[in-house]
Amino acid sequence: MKKLKLIQIVILVAILFLTSGWLWFIQSTGKVYSQVNNSWNLYIEHETKVTETLLALNAHLGYGGMIHNFKNYVIRGDSKYLELFKHDVSHIHLNIKTLELLGASSQEVKNLDSLGLLKAIKLTVDDYEEQLEVAFSMYQTEELLADIDDTVKVDDKQALKALEALREQIVKRSNLIQKATSLSFSKANQLLSRGQIFAIPLIILTALLIYYIRQIRKSNDGAVRAQKWVDTLLDTAPEATICSNSSGEIIRVNNEAVSLFGYTSQELLTMKVEALIPRRFSTPHPKLRDSYFKHPKTRKMSDKTELFALKKNGDEIEVSINLSMAGNDEDKVAIATIRDVTDAHKTTRELAYQATHDGLTGLMNRAEFEVQLKQTVLLAKRTKQQSVLCFLDLDQFKIVNDTSGHAAGDELLKQISQVFTSHLRETDILARLGGDEFAVLMINCDLSDAVEKAESLIALVSDFHFPWEDQHFTIGVSIGISLIDKNTATEQDVLKYADIACYAAKDAGRSRVHVYRESDEKLMLQHSELLWVARINDALEQDKFCLYVQEISPTDSSLEHVNYEVLIRLNDDGTIIPPGAFLPSAERYGLISKIDYWVINETFEWVARHADSLHKDTHFSLNLSGRSMGDSHVLEQIESWLSSGKVCPSRIHFEVTETMAIANLHDANNFIKAIKEHGCGFSLDDFGSGLSSFGYLKNLNVDTLKIDGLFVRDILDDPIDAAMVESINNIGHVMGMKTIAEFVENDAIAEKLRLLGVDFLQGYGIHKPAPIDHLLLKG
């Protein structure tokens with residue numbers, strides 16, 4: 001009896017110990033679940049921010065953003081694309097900064113950074129900015145479009161790699177969320193497994209206690225409480241949990257499973273798991289279940305494949321399942337935690353779609369289209385298969401936007417997209433490149449068929465009528481065509497040529513087809529010059545021009561003063577544009593005299609205001625065009641200033657290029673004579689560039705020769721150039737003229753010119769051009 005009591009006491013103590021452990025386990029589990037839920041909410045909020053930033057970076061970096069505007073600027077030279085490019089670049093830097101700030105807690109952002117992709121994006125953006133500066137400078141000097149295109153090159157490989165990585169991160173975002181959730185339930189399963197340390201011995205000891213002392217009712221009460229604890233644990237789990245045996249019979253479910261599938265718990269407990277699987281998947285499931293029970297291991301399902309479950313109302317949902325095994329060999333139980341990922345997968349698909357499609361029309365976007373175009377170009381090189389790219393630009397679209405608003409314009413774009421789609425082959429790829437620009441990639445299509453198809457599209461659009469409120473609009477479309485064959489270099493070339501051809505179609509009268517030819521690039525150059533006409537007139541009206549000066553420094557150290565050449569610049573909203581960008585257009589379209597007139601008035605006014613601040617022997621040299629020398633109004637304006645007494649005539653010199661003077665020899669001589677009678681000096685610029693320089697020199701009454709910089713800049717390396725400079729300098733001195741050497745870029749050239757006896761030096765090695773008001777700072 002004493003032995004029995006001792007056994008009873010030992011068993012009671014053991015039960016109390018294990019019960020305390022079980023209670024601790026339940027309490028710890030609740031805390032873990034609470035922490036998981038809180039972490040989950042924070043994770044969702046953070047990853048949403050990361051995803052939105054990735055999407056924005058993709059939009060501003062991709063071919064619908066920075067790269068698109070860069071290429072348009074290189075092809076067209078239109079300043080609006082320059083502004084759009086700067087806008088995209090600023091947003092890209094902001095997006096990268098945001099990602100770097102978010103990166104401390106985002107593994108995917110860390111992955112981007114560790115792979116060097118964020119750095120690659122920064123370097124690519126820097127490269128684009130640098131090349132844009134090159135393009136801008138070349139446009140300013142009126143380089144040919146072909147030369148600009150050959151010079152301005154950007155290696156897109158890193159950018160494309162970065163864009164692909166961005167899209168990959170967007171597509172994988174919901175998988176990240178799934179992994180995070182799966183990890184939380186893996187921890188829960190570990191806790192359940194740990195709980196067996198207390199549960200199994202507790203059950204064994206309770207059975208022994210019943211065996212030894214039936215009269216101890218507390219043992220039965222303890223078992224009931226343990227069962228309730230297990231029920232509580234399952235019912236408070238945040239995911240649906242279903243327990244089933246080796247026959248597939250459901251033996252335990254929690255409240256989340258009831259809510260997910262729409263059955264009552266009693267209904268589920270009478271069913272097999274196959275009843276919750278769509279019929280097309282349920283047939284092979286028993287064999288899979290048998291295999292799992294024979295060789296169980298904890299695993300996650302739906303990492304790489306889609307799983308579907310069937311609800312009571314017949315709806316199918318996409319699910320992710322964590323599967324684990326419990327129990328002994330005779331009584332194994334499969335525990336499945338099930339999560340509805342329908343919305344997450346839908347979001348993933350939507351994000352992937354948004355990354356490759358235009359949000360307004362649903363057509364392929366520029367970024368994805370260029371991927372397809374690149375593949376087509378590569379295919380043409382390998383197989384010699386011909387394809388065709390059509391660049392479509394709507395005519396009169398701006399009228400709809402301006403008269404009826406952007407809502408009308410957006411609706412028109414949607415409808416015209418459907419018109420295009422309905423008339424194309426299934427193999428043709430249609431994309432919206434941006435604004436009212438579209439592109440069609442006709443794969444495995446010869447040029448004649450493409451032209452015929454393009455002409456039919458023009459007819460379709462011409463017949464299309466767009467009603468909006470109380471108005472009806474008709475539009476047109478101009479189409480440029482570029483052939484893709486084994487000789488095509490890159491997809492960027494194809495797009496550029498098709499764009500140029502489209503412009504040629506518009507220039508020829510709109511609503512027509514034009515196939516790219518090399519001569520089309522000359523048309524683009526002419527168009528660029530015409531654009532400058534409006535900008536020059538605007539600059540004159542809005543007073544956007546400004547005066548710069550460059551020193552003309554004497555080689556005689558005893559002279560205490562320097563002279564200055566007056567230069568003109570265009571201040572376009574803070575951007576200083578050099579004269580090489582706009583003077584050729586001004587010359588061609590008859591605006592040069594207006595510019596000369598402006599420079600003359602501004603210079604005389606400035607010198608009159610600040611004469612007391614300048615050295616008494618300093619003079620300012622103004623450039624004149626050949627047209628101005630024959631313009632009586634210009635001469636009258638100069639003589640009016642010189643007769644006013646406000647400016648000493650000796651302070652003003654004029655200069656004209658040698659070629660311009662020779663071409664207008666009679667006008668030049670008359671002009672020079674009239675000016676010199678007032679006491680002004682006169683220089684012959686770029687001397688040596690003409691075919692008969694020395695022969696004409698004695699016929700022009702000038703005071704100074706400015707030696708052509710083409711001879712000066714290579715004087716140290718080219719003995720012929722050195723001899724030319726020496727000859728011009730000597731002849732000038734023989735004729736009683738002073739000499740000025742231009743293009744003096746460094747001290748070595750300056751010293752060589754001093755040894756040759758040149759009187760004055762001018763160039764960046766002496767002084768870089770600066771605003772005229774900077775002279776006042778010298779005191």
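This report describes a predicted model of one protein chain, from its overall make-up to a few local sites.

**Overall make-up**

The protein chain holds 30 helices and 23 strands, and of its 779 residues 48% count as buried. Among contacts between residues at least 6 apart in sequence, 68% join residues at least 24 apart. The chain exposes about 38800 Å², of which carbon and sulfur atoms supply 53%.

**Confidence**

The pLDDT of the protein chain averages 80, and 75% of the residues score at least 70. Over residues 180-185, however, pLDDT stays under 50, although the model has 13 contacts beyond four places in sequence for this stretch. Residues 215-220 also have a pLDDT below 50, and beyond near neighbours in sequence that stretch has 8 contacts in the model. Where pLDDT is low, the predicted coordinates should not be read in detail.

| Residue | Element | Relative accessible area |
|---|---|---|
| R432 | strand 8 (residues 429-434) | 14% |
| E658 | helix 25 (residues 658-663) | 1% |

R432 counts as buried because its relative accessible area of 14% falls under the 20% cut-off. The side chain of R432 makes a polar contact with the side chain of D358, at 3.2 Å. E658 and D685 are 27 residues apart in sequence, while their C-alpha atoms lie 5.7 Å apart in space.

**A strand hairpin**

Strand 10, which spans residues 465-468, and strand 11, which spans residues 471-474, pair in the antiparallel sense over 4 bridges. One of the residues involved is H465, whose bridge partner in strand 11 is T474. The two strands form a hairpin with 2 residues between them, and E469, which sits in the turn, has a positive phi of about 55°.

Conventions
Residues are numbered from 1 along each chain as its sequence is written. Side-chain values use heavy atoms; hydrogens and water are left out. Buried means under 20% relative accessible area, exposed over 50%, partly exposed in between (1.4 Å probe, protein chains only). A polar contact is a pair of N or O atoms within 3.5 Å; within protein, one must be able to donate a hydrogen and the other to accept it, and residues adjacent in sequence count only if both atoms are side-chain atoms. Two strands pair if DSSP finds at least two bridges between them. Contact means heavy atoms within 4.5 Å. Accessible areas come from the Shrake-Rupley method with a 1.4 Å probe; for residues, only the protein chains shown count as cover. pLDDT is the predictor's confidence in each residue, from 0 to 100.
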